[in-house]
Amino acid sequence: HPLVVSGNTILSNNNSPLTGVIVNAFERDGSLASAAFSLPDGCFYLDGLNFESYNLAVTSTQGNAPTYAVDMMNGDNYSASLSLAGGFRGDLTGDGNVNLGDIIAMVNAIFKSMNPPPVQQGDVNCDNKVNLGDIVYLVNFIFKGSSAPCNP
């Protein structure tokens with residue numbers, strides 16, 4: 001498996017490197033081909049890849065990023081700069097706004113799927129839990145003009 005994807009992860013609003021971002025390479029069937037963490041300088045290195053097309057996806061509490069398509073059919077190594085849009089607490093839909101859609105996403109995550117969002121994203125009242133209290137906080141913020149979600 002001679003092919004690699006290397007690159008860096010950066011926060012788009014100030015071009016600073018992001019450390020601890022999980023970068024995954026998925027095959028077309030959705031199976032995981034390779035995974036890496038970005039280093040303190042934002043660099044990552046995915047190895048063990050074949051002559052195929054992959055989708056790169058990132059997981060980070062510091063921001064959101066689209067999926068990147070990578071074609072390695074020609075056998076060339078690939079370099080990618082993955083730019084993450086700054087995320088903030090309460091923006092569960094990843095659209096850059098905190099609105100009714102985020103309340104609906106929170107309700108569905110907590111009560112329907114029983115899979116609440118990560119604390120860094122869903123804990124809008126900073127009590128280190130994601131629960132009904134965060135839904136109430138979002139409702140008050142959006143409809144009553146209460147304090148914005150916390151930013152520890």
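Let's start with Asn-128, which counts as exposed because its relative accessibility is 64%, and the cut-off for exposed is over 50%. Keep in mind that this is a predicted model. Where does Asn-128 sit? Asn-128 is in the loop between α2 and α3. For background, most residues other than glycine have a negative phi.

Now look at Cys-126. Cys-126 also belongs to the loop between α2, residues 119-122, and α3. Its phi is positive too, about 55 degrees, and again we're not talking about a glycine. Buried, exposed or in between?

Okay, on to the helices on either side of the patch I want to show you. Which residues make up the nonpolar patch on the surface? They're Leu-100, Ile-104, Val-139 and Phe-143, and together they have about 370 Å² of accessible area. Helix α1, residues 100-112, and helix α3, residues 132-144, each supply at least two residues of that patch. Take Val-139 as an example: Val-139 is in helix α3, and Val-139 counts as partly exposed because its relative accessibility is 32%.

Let's move to the strands. Four of them form an open sheet, in the order β4-β3-β6-β8, with antiparallel pairing. The strands at the edges are β4, residues 32-37, and β8, residues 68-71, and each of those pairs on one side only. Neighbouring strands in this sheet are turned by 25 degrees against each other on average, ignoring direction. If you're new to sheets, strands pair through backbone hydrogen bonds, either parallel or antiparallel.

Let's zoom in on one pair. How many bridges join β3 to β6? Five of them link β3, residues 22-26, to β6, residues 53-59, and the two strands run antiparallel. If you want one to find on screen, pick Phe-26: its bridge partner in β6 is Asn-55.

Finally, let's step back to the whole chain. There are three helices and nine strands, and the pattern along the sequence is β-β-β-β-β-β-β-β-β-α-α-α. The C-alpha trace spans about 55 × 35 × 20 Å along its principal axes. Of the 152 residues, 32% are buried. The accessible surface comes to about 8400 Å², and carbon and sulfur atoms account for 53% of that. And among contacts with a separation of 6 or more, 51% are between residues 24 or more positions apart.

Notes. Residues numbered from 1 in each chain as written. Predicted model: local features only at pLDDT ≥ 70, side-chain atom pairs only at ≥ 80, totals over all residues. Heavy atoms only, no water. Patch = residues over 30% accessible without salt bridge, like charges linked within 9 Å, V, L, I, M, F, W, Y side chains within 5 Å. Areas by Shrake-Rupley, 256 points an atom, 1.4 Å probe, with all protein chains shown as cover. Salt bridge = Lys/Arg side-chain N within 4 Å of Asp/Glu carboxyl O. Helix = DSSP H or I, 4+ residues; strand = E, 2+ residues; numbered from the N terminus. Buried < 20%, exposed > 50% of the residue type's maximum accessible area, 1.4 Å probe, protein only. Pairing = 2+ DSSP bridges. Axes fitted to C-alpha atoms, helices over the stretch in contact; angles between N-to-C directions. Contact = heavy atoms within 4.5 Å.
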